[in-house]
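Visitor: Hi! Could you walk me through a protein model today?
Guide: Happy to, here it comes.

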Amino acid sequence: MSAPARSRENHRVRRWLRALGGVAAGITLAALGMLAVVLLLNAGRSPDAGISASSGLVSALAGTLWLALLTAVIAVPVGVGAAVYLEEYAPRTRAWRFLASVLTNLAGVPPVVYGIAGLALFVRGMGLGPSILAGGLTLAVLTVPRVVASSRRALASVPESLRWNALGLGATRWQVVRDQVLRAAAPDIVRGCSAALLRAVGAAAPLLIIGAAGFTTFAPASPGDPLTALPTQTFAWTARPQAGFPALAAGASVTLLFVMALIGLVLWDLRRRHGEARR
Amino acid sequence: MSARDEGTRTAGDGAVPVLSAEGLTVRFGEKTALSDVSIEIPRGSTVSIIGPAGSGKTTLLRSFNRMNEVIPGSSQAGTIRFAGGDLHSAAMDPAEVRRRIGMVFEDAALFPGSVFDNLAFGLQARGEEGDLHGIAEVALQAVGLWSEDAEILEARASDLSAEERRRMCIARTLALEPDVLLVDEPTSTLDPAAAARVESLIHALRDDYTIVFATCDHTQAGRLSDLTAYLDSGRLLEYGPTQTLFTNPRNPRTEFYLTGRLQ
């Protein structure tokens, strides 16, 4: 079979597999989505401290989307940039080894510790208060080391010969990194960023420490608004004695799953496109 | 008569070598890969570098287009001259050097994407704004990968066979119209029939390019090259016309190597 014919054949197989995966993901998402919508409709928009029937998820949902956005916008460029510098540019000195091991260890620090750091640094130190911005910054700081670690692994798995071949064609270091190395590593980088981002979105501990509200009367519309998020809202409801709240907490966790699946789907699609470019 | 004199003498128009190394020593950390190598590559000639594994063949090729300096811990002494100028002078841009002295690596990694993407990369890196498809077509024709429907350009590089990959990697280098072509193990990892076809491609390119290639198949050196250099543990033990070196080697180790008695 000639190369173009092989290309077409492989393409067909890939298309079928993709359609199959799409259907499976679609069914799961639709089921979760329906549950979440029912919950959001059932529960009122203005939650009350003691009345479960009028407690809703709109503000927590908006808070989580804000946090996801802030975390992604800060942690991904910083983390991937740091990984590119460490793997592709920085000379392997003793300082490099020190920095690399510090970053590796930071990726293993429990989220609670980041919460305390965020409380001291952003909420008190920078005077941001228990706001969406303080929460986003805290989650971003927690996410950066994980992004660095996974991106470094992705870059290190690109064979050295790819860099040599690209340099050998008269490309500059930056052209090699931008056009070939990052492109080859893109699927793994996006995969690592997705995992790190989803873990940040699901984290409750650091947000509870910096002071997430368990009761809000309006949905956050800007990063300066009070901090609220799905995981912390879930936690707050489980702590209430009144009947009805346990059901709400269960509903909130389903909604959290749905939102995470949705974000995961968006990132999966991104990865699929990049993965295609690689092959 | 020294080996170098002999090399220069046999070189067609060869008064001016296009590439020459003088007292070239290359180290990687503590390990010496090449020691005190002096060699001249006459313009228009085809030179083979033979020798046992680890003798420095690849290192010598890579020093001709400044590819050793990208390896951390490498150091170099001696001079290399290219077209009359010092290859390492401040005026020489390493990227420019690598375009003019093109190299086909033994481990010829494919770039992500299509065959066209592979050919276009070097051209785009150079800032080429002309007809990339036209240049790619000419380069693919030169290596026998072109077909009239131009479908090959859109094929994924990873769908190519081993032989087609090797041809594409040669085309990638030719697209930049280098003065000198360095080829590391042109036919390694190919089956004998494909190896023979790629070898005849290299043979056809001899008319248009100065070619330096490294091979561990010394019969291939015999078939393809005008001049042969024998490297042994980083030293250039013998360099001269291929026929002379094969039939009447002056160094006993060359003879041992060629006859398979080198222990």
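Visitor: In the hairpin of β1(B) and β2(B), which residue takes a positive phi?
Guide: That is B:Gly29, with a phi near 60°, in a hairpin that has 2 residues between the strands. Strands are DSSP runs of E, at least two residues, and helices are runs of H or I, at least four, numbered from the N terminus. This is a predicted model, where local features need pLDDT of at least 70, side-chain atom pairs count only at pLDDT 80 or more, and totals for chains, interfaces and linings use all residues. Residues are numbered from 1 along each chain as its sequence is written, while chains are lettered from A and ligands numbered from 1 in the order in which they are written.

Visitor: And how many bridges join β1(B) and β2(B)?
Guide: There are 8, in the antiparallel sense, between β1 (residues 17-28) and β2 (residues 31-42) of chain B; strands pair if DSSP finds at least two bridges between them. B:Leu24 of chain B stands opposite B:Val37 in β2(B).

Visitor: Switching to chain A, what is its mean pLDDT?
Guide: The mean is 85, and 91% of the residues of chain A reach 70 or more. pLDDT is the predictor's confidence in each residue, from 0 to 100.

Visitor: Which element of chain A has the lowest mean?
Guide: Helix α1 (residues 3-42), at 76, whereas α5(A) has the highest, 96.

Visitor: Where does α2(A) bend?
Guide: At A:Ala75, by about 25°, and A:Pro77 follows within four residues. The bend is the angle between axes fitted to the seven residues ending there and the seven starting there.
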